[in-house]
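Here are some exercises to work through with the model open beside you. Try each task yourself before reading its solution.

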Amino acid sequence: FVIALTIVGKMVTLWIFDRSGAISCEPFDIHEQPEKFLRIIICTLQADLEHLGYDHTVYTKDGSEDTFIKVGDVEYKVTCIYQEPGIRGRGTVCYRGEHQNADKKLEVVIKDSWVDVARAETEIDILKKLNERGEKALCTPDGARVIPKIVASEIVKTHHDELVTRWKEE
């Protein structure tokens, strides 16, 4: 998500844009309510990076330029292979992930996208049901697998709802 502030003349509006759209506060006069404007600025300056829209699940390590993601308690070194270009939608990003365990190198594709938890079934639920059909049902006649095998999955929650609530209350 992205936090934005529009100032038109003496009127100020706070916006939060995310994958489902935009919400804003009622525009207010900066001269009549300077405390409200100051509170917005101070809260933004003191906010954690996650509260400013940074994805806390993708990270680097001290002294390294490599990028990492942890899924199901396994850390993968990742490189981006696809990123959805638009601001609308689920913000899908796909990574090539490498995990080096004691026995062998494990390579995976990690799909990172927003999940609509209000739906009866998530994409992961559907893929798990399809994977129960057995390997032969999931492959073309020449043996190419057409349904991805799920190694691990998780729905990562953020403090985004708290941020929206906090801004609405102020």
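**Exercise 1. Find which residues make up the largest nonpolar core, and which elements give two or more residues to this core.**

Solution. Start with the term: a nonpolar core is a set of buried Ala, Val, Leu, Ile, Met, Phe, Trp, Tyr and Cys residues joined through side-chain atoms within 4.5 Å. Buried means under 20% relative accessible area, exposed over 50%, and partly exposed in between (1.4 Å probe, protein chains only). In this predicted model, local features need pLDDT of at least 70 and side-chain atom pairs count only at pLDDT 80 or more, while totals for chains, interfaces and linings use all residues. Residues are numbered from 1 along each chain as its sequence is written, and side-chain values use heavy atoms, with hydrogens and water left out.

Next, list the members: the largest nonpolar core has eight residues, namely Ile69, Val71, Tyr76, Val78, Val93, Tyr95, Val108 and Ile110. Then look at the elements: two or more core residues come from each of strands S6 (67-71), S7 (74-83), S8 (93-100) and S9 (105-112). Strands (E, at least two residues) are DSSP runs, numbered from the N terminus. As background, nonpolar side chains tend to be buried together in soluble globular proteins.

Finally, zoom in on one member. Leaving out residues up to four places away in sequence, Val108 touches Tyr76, Tyr95, Arg96, Gly97 and Val151; contact means heavy atoms within 4.5 Å.

**Exercise 2. Decide whether Gly97 is buried or exposed, and list its contacts.**

Solution. First, locate Gly97 in strand S8. Its relative accessibility is 0%, so Gly97 counts as buried. Now check the contacts beyond four places in sequence: Gly97 meets Tyr76, Lys77, Val78, Leu106, Glu107, Val108 and Ile110.

**Exercise 3. Work out how Tyr59 and Phe68 are arranged.**

Solution. Rings of Phe, Tyr and Trp (its six-membered ring) pair if their centres lie within 6.5 Å; planes under 30 degrees apart count as stacked, over 60 as edge-to-face and the rest as tilted. The structure holds one aromatic pair. Tyr59 and Phe68 form this pair, with 6.2 Å from centre to centre and 25° between the planes, and it is stacked.

Then compare with accessibility: Tyr59 is partly exposed because its value is 25%, while Phe68 is buried because its value is 10%.

Last, look for charges. A charge sits over a ring if NZ of Lys or CZ of Arg is within 6 Å of the ring centre and within 35 degrees of the ring normal. The charged end of Lys61 lies over the Phe68 ring, 4.5 Å from its centre. Elsewhere, Lys36 is over the face of Phe28, at 5.1 Å from the ring centre.

**Exercise 4. Trace which strands pair with S2.**

Solution. Two strands pair if DSSP finds at least two bridges between them. Begin with S1 (residues 2-8), which runs antiparallel to S2 (residues 11-18) and is joined to it by seven bridges. Across from Val2 you find Phe17, and across from Leu5 you find Leu14. Two residues separate S1 and S2 in a hairpin, and Gly9 in the turn has a positive phi of about 65°.

Continue to S3 (residues 21-24), which pairs with S2 antiparallel over four bridges; here Trp15 is opposite Ser24. End with S4 (residues 28-29), also antiparallel to S2, over two bridges. Asp29 is the bridge partner of Met11 there.
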